[in-house]
Amino acid sequence: MSSDIESAHVQRKNPKRFNAIWLIPVGAVALALGLTVKNYLDQGPLIEIFFETASGLEVNETKLTFRDVEVGTVEEISLDDENPRVMVTVRLENEIADFVDNEAKFWVVRPRLTLSGASGLGTLLSGVYIQGSWDTSPGEPKREFVGLEEPPQTPPGTPGRRVVLRSYGSASLTPDAPVYNKGVQVGRVET
């Protein structure tokens, strides 16, 4: 029997040998980590917009638009510690971050009914959003803004001439009222 034991040769696997099957999970982890880092580095900057109310705004749902193109998303809504306002934090797209400067203006687009008509009716289906307006030349970056409570009557960049009219007495003009010259409408009252 001892000869049988001596002739039996036990083969062991070499524990130092690398198994190629481990390349798959290691590669998947490396890919996920790389995509996470790329996503973080591609994020645009945050800006803060102060409004009187956050009515209709939702975190991760409300969009910032410029010329009807989404260019940012609301990431946080909180109360301002120093003033009785609401601070809305928006993450901008990297491509437009350099254009959001001192000239930028923001307002919330929601349904409005005034004597001169209705506006923002599309938000009844799509939801409230923040509209931004700025020029097309890069400027000194700014990260804090005070939002307009009412949308501007004339969108910035609209061609034409702005004039200031002064009236002494009891003039009763309202924003968006038409201005006529010789029976032809030539403009609108902004403010």
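Where is the place of E48 in this chain? E48 belongs to strand β1, which covers residues 46-51.

The model shown here is predicted: local features need pLDDT of at least 70, side-chain atom pairs count only at pLDDT 80 or more, and totals for chains, interfaces and linings use all residues. Residues are numbered from 1 along each chain as its sequence is written, and side-chain values use heavy atoms, with hydrogens and water left out.

**View 1. The protein chain as a whole has 3 helices and 11 strands.** Helices (H or I, at least four residues) and strands (E, at least two) are DSSP runs, numbered from the N terminus. Read from the N terminus on, the elements follow the order α-α-β-β-β-β-β-β-β-α-β-β-β-β. The chain has 191 residues, and 24% of them count as buried. Here, buried means under 20% relative accessible area, exposed over 50%, and partly exposed in between (1.4 Å probe, protein chains only).

**View 2. Helix α2 spans residues 23-42.** Its 20 residues reach 28 Å from the first C-alpha to the last, close to the 28 Å expected at 1.5 Å a residue. The expected span is 1.5 Å times one less than the number of residues. Is this helix in the open or buried? The number of buried residues in α2 is 0, so the helix lies largely in the open.

**View 3. E48 and T89 are 4.6 Å apart in space, C-alpha to C-alpha.** In sequence, 41 residues separate E48 and T89. E48 is partly exposed, at 25% relative accessibility.

**View 4. Ring pairs link F66, F106, W134 and F145 into a cluster.** The whole structure holds 3 aromatic pairs. Rings of Phe, Tyr and Trp (its six-membered ring) pair if their centres lie within 6.5 Å; planes under 30 degrees apart count as stacked, over 60 as edge-to-face and the rest as tilted. F66 and W134 are stacked, because their ring centres are 4.4 Å apart and their planes meet at 10°. This pair links distant parts of the chain, with F66 in strand β2 (residues 63-66) and W134 in the loop between β8 (129-133) and β9 (144-146), 68 residues apart. Both partners are buried: F66 has a relative accessible area of 13%, and W134 has a relative accessibility of 7%. F106 and F145 form an edge-to-face pair, 4.9 Å centre to centre with 65° between the planes. Here too the pair links distant parts of the chain: F106 sits in strand β5 (residues 105-109) and F145 in strand β9, 39 residues apart. F106 is buried at 1% relative accessible area, and F145 is buried at 4%.

**View 5. The charged end of R85 sits over the ring of F50.** It lies 4.4 Å from the centre of that ring. A charge sits over a ring if NZ of Lys or CZ of Arg is within 6 Å of the ring centre and within 35 degrees of the ring normal.

**View 6. The second largest pocket is lined by 22 residues.** Nearest its centre lie V163, V179, R188, V189 and E190. Strands β10 (178-181) and β11 (184-188) each supply at least two lining residues, and β11 gives the largest share, 3 residues.

Methods:
1 Å grid on protein atoms, 1.4 Å probe; cavity = no way out; pocket = protein on both sides within 12 Å on 5 of 7 lines; lining within 4 Å.
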